[in-house]
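Thanks for taking a look at this with me.

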Amino acid sequence: MIAVLTGDIISSRTLPNRSRWLRRLEEIIEKKSGLAKPPKWGVFRGDSFQVELSRPQDALRLAILIRAGLRSTPGFSPIRLDARIAIGIGDKGYSGKSVHYSDGEAYVLSGTALDVLKRENSRLTIQTPGFTIGKSLEISLQLASTIIDDWSFAEAQAVWLKLSENKTQEEIAKKLKISQPAVHKRYTGSHYNEISKLLTYFESAVSSEPEGLMTLQQKK
């Protein structure tokens, strides 16, 4: 079982300086993801991207990290740079030298889910091939996405520094040259505590589910 994130940059044609957000996306995925090694990923059709993760439980954290990183990109604060991201969890299927040459259940589910996001004007979802927890996770991600949609640049910046560098509030305050209470206010406004609880739940739920899923597929 793997996870695939398929995403696209929102209103990319109207954004200035395409190279800047591409560099930011590369930084997030290759240098700030917190994964043991950079995942397989690539950009296609100019403003869309895919990431393959060998550990499905890492998918939501990376999706939120990407959105927080984009939303806090220097020079884009008035624009609210952001992405739609669909998570697909399933069998790996064919594995090519890059995501452009790979295929399988996770890829199909992720791509199909992104099409749904575009139609519904939403920005975060998940599709699974039969997880008993699939629907509850989908609803949870929709609620989380509603919170993330409302992040200010400052709130996204605080979440980005926490997730990408695991900095304390005091360290973030020092880095941003603001007070610790100001950082706390940004955490409160971003609902970081609730987001953190969802990440913990997601990681636990997905980690415990594949065995049950395999049993379900074997019965078909």
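With 220 residues, what radius of gyration does the protein chain have, and why does that agree with a compact globule?

1. The protein chain has a radius of gyration of 17 Å, which agrees with a compact globule because one of 220 residues would come near 17 Å. The radius is taken over C-alpha atoms, and the globule rule is 2.2 Å times the number of residues to the power 0.38. Along its principal axes, the C-alpha trace spans about 55 × 35 × 35 Å.

2. A word on the basis: this is a predicted model, where local features need pLDDT of at least 70 and side-chain atom pairs count only at pLDDT 80 or more, while totals for chains, interfaces and linings use all residues. Residues are numbered from 1 along each chain as its sequence is written, and side-chain values use heavy atoms, with hydrogens and water left out.

3. The protein chain holds nine helices and five strands (DSSP runs, H or I of at least four residues for helices and E of at least two for strands, numbered from the N terminus). Their order along the sequence is β-α-β-β-α-β-α-β-α-α-α-α-α-α.

4. Buried residues (under 20% relative accessible area, 1.4 Å probe, protein chains only) make up 50% of the 220 in the protein chain.

5. Now try Q50, in strand β3 (residues 48-53). Q50 counts as buried because its relative accessibility is 12%. Its contacts (heavy atoms within 4.5 Å) beyond four places in sequence include V4, L5, W41 and Y107.
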